[in-house]
Every structure is written in C-alpha cells, then in structure tokens.
Amino acid sequence: MDLSEVEPNRRRGGDLRAMLTPTTVGATSGFMGLALIQPGERIGEHYHPYSEEFVYVVCGQLEVDLDGEPHPLRPEQGLMIPVNMRHRFRNVGKVEARMVFHLGPLAPSPQLGHVDTEDADGVPIAAEPPHKSVER
C-alpha cells in the first residue's frame, strides 16, 4: 500500500491516512496509518473506547495532550496511549510532522472506534462517557 493510494482525511485536523485497514488489506486485529501535520495544525481531542493507540514520530516536533497534560514528542520517539485516554496532537515546529499510528484491537464496528471530544479547531463536542468494561 502506497501513501499516494490513500485519500486524505482532514475531518479531525491534519492529514490522516489510514493505510493498512480491514478495508484496504483485510486486517483483522488493528489498523495502521500516517498523520501528516503542518506547522500550527492540530488533530482534535478524541479517545478510543476499544483500542490502544501506538504512535511513532518520524519527523517534526509534536506536542501531545494526554488527559489534558501536554508532553513533547520528538522524532524517533514512540508512545502508547491507553484505551479511553483523551488525546490531541499539535505540530509545534517549523516543518511538517509525520507520525505513524496503529490502533488495536479493532472496535466492534468502525463508528465505535473513535470518539471526538472537540473539532479540528478545538471547539468542544458533547460526547458520551467513555466505554467501561464491566468485570464479573
């Protein structure tokens, strides 16, 4: 799968390319993509009720907020974001940032996999409380 074969998704900010997915390659355990974030751009806050997210910064200078706490992300750094943790990304550098992301396991359906809590401009969106598993 080549980056040029994937349509940009700009709904949440940045340019998100879901490359290796159930639809594109028949993946069954998760999906992988690339975020291209221009200087000053952001990816709005969201969380994943079913999936952990793994990110790896290829180039550029990012800042990630994890449950409201800002943390720097630099090239060649990786990060694991737990299930239900609110997070957003900002390019705080002067060049395009590129970040590989992988989510797994898959949610029961695509629309349940990603919950936005703000739009790409940072305007809050009313959201349901995070999915909590019940232990028996």
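In this predicted model, the largest pocket holds about 750 Å³ of space. Its lining is made up of 30 residues, and those nearest the centre of the pocket are Arg12, Ala18, Phe31, Pro110 and His114. Several elements contribute two or more residues to this lining, namely β1 (15–20), α1 (22–25), β2 (31–37), β3 (42–47) and β9 (97–104). Sorted by class, the lining residues comprise 16 nonpolar, nine polar and five charged ones.

In soluble globular proteins, nonpolar side chains tend to be buried together. Here, the largest nonpolar core consists of 17 residues, and Ala35, Ile37, Leu62, Leu73 and Phe89 have the most contacts inside it. The elements supplying two or more residues to this core are β2, β4 (52–59), β5 (62–66) and β9. Of these, β9 gives the most, with four residues. Once its neighbours within four places in sequence are set aside, Ala35 is in contact with Asp15, Leu16, Ile43, Ala97, Arg98, Met99 and Phe101.

Which residues have side chains in polar contact with that of Glu45? One is Thr117, found in the segment that follows β10 (115–116); its side chain makes a polar contact of 2.5 Å with the side chain of Glu45. Thr117 counts as buried because its relative accessibility is 13%, below the 20% cut-off. The other is Arg86, whose side chain is joined to that of Glu45 by a polar contact of 2.9 Å. Arg86 sits in the loop between β7 (78–81) and β8 (87–91). With a relative accessibility of 31%, Arg86 counts as partly exposed, since that class covers values between 20% and 50%. Beyond its neighbours within four places in sequence, Arg86 is in contact with Glu45, His46, Tyr47, Asp65, Leu66, Asp67 and Gly68. Arg86 and Gly44 are 42 residues apart along the chain, and their C-alpha atoms are separated by 10.0 Å.

Some features of the backbone also deserve a look. Most residues other than glycine have a negative phi, and most peptide bonds are trans. Between Gly104 and Pro105, however, the peptide bond is cis, with omega at about -5°. Gly104 belongs to strand β9, whereas Pro105 lies in the loop between β9 and β10. Is Gly104 buried or exposed? At 10% relative accessibility, Gly104 counts as buried. Leaving out residues up to four places away in sequence, Gly104 touches Ser29, Gly30, Ser51 and Glu52. The C-alpha atoms of Gly104 and Ser29 are separated by 6.0 Å, although these residues are 75 apart along the chain.

Technical notes. Residues are numbered from 1 along each chain as its sequence is written. This is a predicted model: local features need pLDDT of at least 70, side-chain atom pairs count only at pLDDT 80 or more; totals for chains, interfaces and linings use all residues. Side-chain values use heavy atoms; hydrogens and water are left out. Buried means under 20% relative accessible area, exposed over 50%, partly exposed in between (1.4 Å probe, protein chains only). A polar contact is a pair of N or O atoms within 3.5 Å; within protein, one must be able to donate a hydrogen and the other to accept it, and residues adjacent in sequence count only if both atoms are side-chain atoms. On a 1 Å grid over the protein atoms alone, a cavity is a set of points where a 1.4 Å probe fits but cannot get out, and a pocket is an open set with protein on both sides within 12 Å along at least five of seven lines; lining residues have an atom within 4 Å of a point. Grid points are joined across faces, edges and corners, and a volume is the space filled by probe spheres set on the points. Ala, Val, Leu, Ile, Met, Phe, Trp, Tyr, Cys and Pro count as nonpolar, Asp, Glu, Lys and Arg as charged, and the others, Gly among them, as polar. A nonpolar core is a set of buried Ala, Val, Leu, Ile, Met, Phe, Trp, Tyr and Cys residues joined through side-chain atoms within 4.5 Å. Contact means heavy atoms within 4.5 Å.
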